[in-house]
Amino acid sequence: MFTSVYNGNSSRLSQEEEMSGDLSAVPLVALSTVSKQVISTLLNPPKAIPTENGLPRDWRGLAHLSNLGGEVMALLAVHPDPSTYILTSWQTKQKNVRIKDFQAILEELDRWDILDDTLELFERDAKKYLEEVERSQTTANEIVNEIDENLLTRDDVLRVPQGLDKQNYDAFLLYVDEDLDFATEMMNKLENEHKLKLCIKDRDLIAGITFEHVAVMRLISERCNRLIVVVTSNFLRSSANKFFLNYAQALSIEKCQRKIIPCLYEKCQLPPQLCYVSVVDYNRAGLYDFWGKLRDSIRTPSRVTENFVKHNSKQPEPLQNQDLTKTTKEDIPESLPNSNDNVYDPKDNNNLKRIGNSLQQFMKKLIPKPENNTRDYNQITESISLPSLQGLDTLDTSMDSVNKKPKKKFMDKYMKKVLVKS
């Protein structure tokens with residue numbers, strides 16, 4: 001291993017460092033074949049005038065500073081390209097040698113001509129080497145089958161690294177190549193003006209999917225709320241589009257959803273599956289707003305609205321299903337005792353009885369009376385005068401009068417029977 005020496009001419013070398021940048025971090029292995037050829041062309045020819053230290057100013061001085069043995073020196077004397085041999089030996093055996101170290105050797109050999117001629121080459125080699133090192137720091141992501149099989153569109157490729165769910169779309173646009181101009185106009189209108197998210201096979205579907213029809217079917221069934229069909233005579237002649245139309249019709253029947261939105265762009269005979277479906281007619285004039293009707297047909301109610309309706313339509317919980325032990329101050333009327341407490345003690349039985357009785361009375365006021373009674377009874381509020389007892393005969397309540405009358409009748413009947421028999 002050689003020892004680099006840095007003597008004299010420091011001002012000139014510092015200027016070269018500013019021009020070439022920091023080459024102390026770039027190993028000698030970064031030198032290209034072109035750079036080594038230039039070095040060998042300038043360093044192989046022998047020089048008669050030595051340096052101040054008595055070193056030859058050619059490849060011999062380079063071999064001396066490299067600490068090569070005598071047997072190697074004898075071999076280099078007959079070698080056709082000794083400078084390239086020395087540089088190659090450094091690159092393979094001494095990995096820690098830098099380009100800056102080689103420049104210091106050239107400076108010690110007083111070969112400023114080589115430093116000047118190779119400065120631009122060294123900078124280019126160093127830049128290329130650092131770019132390759134930086135590129136090698138990054139590696140490709142490993143393929144995960146569970147994730148890769150769900151990547152269908154370009155939006156999925158962007159969303160998955162961010163940890164987002166798969167991309168959903170408002171509608172899938174189905175058309176033929178002959179109607180591309182109208183399809184492009186529809187994309188600009190719905191996406192730019194009405195802020196809807198469309199899925200177009202030629203634009204959004206990623207390459208490399210084995211069965212394209214299967215991917216389109218998955219998008220229509222799982223990821224797209226609607227299917228916009230640009231109905232023309234050319235569309236009806238496409239067997240693939242007819243297949244997707246029949247598939248979407250089957251989905252709408254299975255899921256009980258409004259799936260297909262036919263857009264009649266050209267007057268033609270509608271297929272049987274569209275004869276009973278409301279069509280958006282592009283050629284209809286008058287007050288007919290084609291783009292507004294199409295926009296409103298694609299939109300779906302938001303979950304916020306559904307939650308709002310469910311929340312407002314929620315019925316109050318029956319009294320028997322409520323847990324009175326968890327009653328708080330806000331749930332108890334102000335007339336209840338101890339209403340200043342935040343939470344009532346569930347262990348206090350008297351307190352629970354008072355709460356239950358008060359709540360029952362409070363609910364009775366809120367719950368209307370049943371309407372089964374067909375007749376209303378008015379409460380009597382006026383006093384009624386009874387008839388006078390004056391002038392009536394007194395009632396004989398003695399036992400004699402009660403017993404005598406039945407006995408007299410019995411004796412009369414008995415005597416009559418006796419007389420009849422006799």
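Biologist: Let's start with the overall build: how many helices and strands does the protein chain have?
Modeller: Remember that we're looking at a predicted model. Counting up the secondary structure of the protein chain gives five strands and 18 helices.

Biologist: And what share of the residues in the protein chain is buried?
Modeller: A residue counts as buried when its relative accessible area is under 20%. The protein chain has 422 residues, and the buried share of them is 32%.

Biologist: Now helix H7: where does H7 bend?
Modeller: H7 is a run of 26 residues, and from first C-alpha to last it reaches 36 Å, close to the expected 38 Å. There is a bend in H7 of about 45°. The residue at that bend is Thr118.

Biologist: Is Phe122, in that helix, buried or exposed?
Modeller: H7 has several buried residues, including Trp112, Leu115 and Thr118. Phe122 has a relative accessibility of 0%, and the cut-off for buried is under 20%, so Phe122 is buried.

Biologist: The rings of Phe102 and Phe122 pair up, so what kind of pair is this?
Modeller: The structure holds eleven aromatic pairs. In this one, the ring centres of Phe102 and Phe122 are 6.4 Å apart, and the planes sit at 65°. Planes over 60 degrees apart count as edge-to-face, so the label for this pair is edge-to-face.

Biologist: How many residues apart in sequence are the parts that this pair of Phe102 and Phe122 ties together?
Modeller: Phe102 belongs to helix H6, residues 99–108. Phe122 belongs to helix H7, residues 112–137. The pair therefore ties together parts whose separation in sequence is 20 residues.

Biologist: What do we call the aromatic pair of Phe182 and Phe290?
Modeller: Its ring centres are 6.5 Å apart, with 45° between the planes. Planes under 30 degrees apart would be stacked and those over 60 edge-to-face, so the pair of Phe182 and Phe290 is tilted.

Biologist: Which helices do Phe182 and Phe290 lie in?
Modeller: The pair ties together parts that are 108 residues apart in sequence. Phe182 is buried at 3% relative accessibility, and Phe290 is buried at 6%. As for the helices, Phe182 lies in H10 and Phe290 in H15.

Biologist: On to charges: how close do the N and O atoms of Asp156 and Arg223 come?
Modeller: Side chains of opposite charge can pair when their charged atoms come close. Asp156 and Arg223 do form a salt bridge. Between their closest N and O atoms, the distance is 2.5 Å.

Biologist: Which residues are linked with Asp204 in a network of salt bridges?
Modeller: The side chains of Arg203 and Asp204 meet in a salt bridge at 3.1 Å, N to O. Arg203 is partly exposed at 30%, whereas Asp204 is buried at 5%. The residues linked with Asp204 in the network are Glu191 and Arg203.

Biologist: Last one: is Asp58 buried or exposed?
Modeller: Asp58 forms a salt bridge with Arg60, and the closest N and O atoms are 2.7 Å apart. Arg60 is partly exposed at 33% relative accessibility. Asp58 has a relative accessibility of 0%, so Asp58 counts as buried.

Technical notes: Residues are numbered from 1 along each chain as its sequence is written. This is a predicted model: local features need pLDDT of at least 70, side-chain atom pairs count only at pLDDT 80 or more; totals for chains, interfaces and linings use all residues. Side-chain values use heavy atoms; hydrogens and water are left out. Rings of Phe, Tyr and Trp (its six-membered ring) pair if their centres lie within 6.5 Å; planes under 30 degrees apart count as stacked, over 60 as edge-to-face and the rest as tilted. Helices (H or I, at least four residues) and strands (E, at least two) are DSSP runs, numbered from the N terminus. Buried means under 20% relative accessible area, exposed over 50%, partly exposed in between (1.4 Å probe, protein chains only). The expected span of a helix is 1.5 Å times one less than its number of residues. The bend at a residue is the angle between axes fitted to the seven residues ending there and the seven starting there. A salt bridge is a side-chain nitrogen of Lys or Arg within 4 Å of a carboxyl oxygen of Asp or Glu.
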